[in-house]
Amino acid sequence: MQEGLDMDEALADSEAFDALEGADRGFARAIASSTLRTIGRIDGALAGFLDRPISKIDPPVLALLRIGAGQLWVMDAPAYAVVSATVDAARQWKPASRGGGLVNAILRRADRERDAFTALPTSRIWPDWLADRLSAVLGPEGVESLAQLQSEDPNTDITVKSNAADWAEKMSAELLANESIRLPTGTSITDLEGYVEGEWWVQDAGAALPARLLDKASGGLKGKRVADLCAAPGGKTMQLCAIGADVTALDTSPGRLAIVEENLGRTQMSAKLISADAIEWRPETPFDAILLDAPCSALGTLRRHPEGAWRRTAKGLSRYPAIQTKLLEAAADMVNPGGVVVYCVCTPLPEEGVDVITAALETDDWSALPINADEVPGFEHALTPEGWLLTAPPADRQSPHIVSDLFFIARLKRN
Ligand SMILES: C[S@@+](CC[C@H](N)C(=O)[O-])C[C@H]1O[C@@H](n2cnc3c(N)ncnc32)[C@H](O)[C@@H]1O
């Protein structure tokens with residue numbers, strides 16, 4: 001985080017992590033991700049135990065305090081093991097070797113005084129400006145539910161090409177009401193049946209909705225010319241291909257488009273791949289339907305990329321609505337009259353979601369195609385009064401409602 005890397009990049013760069021195998025490797029990754037997901041709340045609680053501001057603690061020592069506290073407070077690991085292993089790490093790791101005494105004292109106190117962590121609002125996991133921003137949108141309860149979701153280990157869902165019920169049974173996994181499959185925690189993806197054969201791909205249950213909603217409103221996409229305008233890494237492209245559409249997948253990033261190609265190769269499907277800016281690019285013949293998964297602040301997927309909360313700034317977020325509006329205008333240029341466009345972003349901020357759609361509907365280009373409850377089994381709770389979806393965590397986590405990453409999804413018809 002201090003070096004501006006995301007967690008996966010940092011782990012990939014680490015020789016120490018590279019040397020780990022099997023359960024040790026999994027545990028090291030779990031420590032890093034649990035700590036990062038809740039780091040603001042951990043720091044808030046640690047601050048009360050320290051005699052100087054957190055910024056004055058030597059970064060290597062602070063890193064050990066954070067991962068020690070993360071294991072105690074978030075992972076609920078046995079205190080004796082956490083304290084001795086972390087103090088040992090301080091002794092063995094030269095940059096932190098002078099901090100062993102402090103690590104020992106603070107982690108013992110962290111074990112005795114767990115209230116220091118639990119008494120803080122869950123939304124302390126984020127920087128204050130972000131918690132305030134989300135709270136203004138979701139309200140005090142909504143923001144705590146989202147923070148709770150983003151504090152937890154994310155589930156792994158997959159989308160299969162077909163026969164979801166059979167695959168769920170074969171994998172002893174849960175078939176969700178929307179036909180996504182939720183894998184048991186700790187499943188090794190690449191060892192699962194059908195991975196090598198490309199019968200399925202990892203895709204959050206919420207992320208699987210836009211392509212299905214496009215299919216449902218277009219009288220079936222099979223054989224139709226469909227564009228996926230911001231395609232990489234290709235989860236939705238693969239869904240459109242599996243439906244049997246004639247797919248053109250666009251992305252500005254050639255590197256990310258190469259991942260779409262790799263994914264299509266594994267799943268033995270094909271699409272026309274174009275590396276271009278969708279705001280500028282135009283097809284020779286308009287498309288029958290378009291999926292627009294626009295670049296966004298991605299605040300709804302922070303449980304998968306928790307370091308993102310600390311890399312974003314209020315100013316950085318303000319650039320998205322103009323880009324999203326231009327992309328939707330470009331989609332209007334590229335789709336046939338009567339053609340359907342599904343717009344989605346993975347953020348709850350209205351300026352990137354409902355406001356973009358409301359403004360589009362004020363032009364002559366679009367009519368609304370509201371989403372019906374029977375099109376989104378398991379996500380009925382997420383329907384907004386306008387007929388869009390906002391897949392914020394349901395208030396009742398025991399309910400049959402599906403808990404997923406947070407997406408805003410709207411559907412429009414070109415006039
Ligand atoms: C949210 S991701 C898309 C995820 C993808 N649809 C999926 O389901 O796997 C947004 C993508 O939009 C691409 N992008 C951003 N601006 C773009 C533009 N102006 N034209 C085309 N692609 C763009 C980014 O490179 C990024 O890969």
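Which residues in α4 meet which residues in α5? I39, I42, D43, A45 and L46 of α4 meet L65, R66, A69, G70, W73 and V74 of α5. Contact here means heavy atoms within 4.5 Å.

This is a predicted model, where local features need pLDDT of at least 70, side-chain atom pairs count only at pLDDT 80 or more, and totals for chains, interfaces and linings use all residues. Residues are numbered from 1 along each chain as its sequence is written, and side-chain values use heavy atoms, with hydrogens and water left out.

**Domains**
- The chain is divided into domain 1 (7–120), domain 2 (121–152) and domain 3 (157–414); such bounds come from an automatic or database domain assignment.
- The centres of domain 1 and domain 3, taken over C-alpha atoms, are 36 Å apart.
- In domain 1, 6 residues are in contact with 5 residues of domain 3.

**Helix packing**
- Helices (H or I, at least four residues) and strands (E, at least two) are DSSP runs, numbered from the N terminus.
- Axes are lines fitted to C-alpha atoms, for helices over the stretch in contact, and angles run from 0 to 180 degrees between N-to-C directions.
- Helix α4 (residues 39–47) packs against α5 at an angle of about 100°, with the axes 10 Å apart.
- That makes α4 roughly perpendicular to α5 (65 to 115 degrees; under 35 is roughly parallel, over 145 roughly antiparallel, the rest oblique).
- The contact of α4 with α5 has 8 nonpolar, 1 polar and 2 charged residues.
- In this count Ala, Val, Leu, Ile, Met, Phe, Trp, Tyr, Cys and Pro are nonpolar, Asp, Glu, Lys and Arg are charged, and the others, Gly among them, are polar.
- Helix α3 (residues 22–37) packs against helix α5 (residues 59–74) at about 90°, with their axes 9 Å apart.
- Therefore α3 and α5 are also roughly perpendicular to each other.
- F27, I31, S34 and T35 of α3 make this contact with R66, I67, G70, Q71 and V74 of α5.

**Nonpolar cores**
- A nonpolar core is a set of buried Ala, Val, Leu, Ile, Met, Phe, Trp, Tyr and Cys residues joined through side-chain atoms within 4.5 Å.
- Buried means under 20% relative accessible area, exposed over 50%, partly exposed in between (1.4 Å probe, protein chains only).
- The largest core has 65 residues, and L214, L229, I290, L328, Y343 and I409 touch the most other members.
- Strand β9 (residues 335–345) gives the most to this core, with 7 residues.
- Another core, of 26 residues, lies apart from it and includes A77, V82, A90 and L120.

**Residue E179**
- E179 lies in the loop between β2 (174–175) and β3 (181–182).
- E179 is partly exposed, at 48% relative accessible area.
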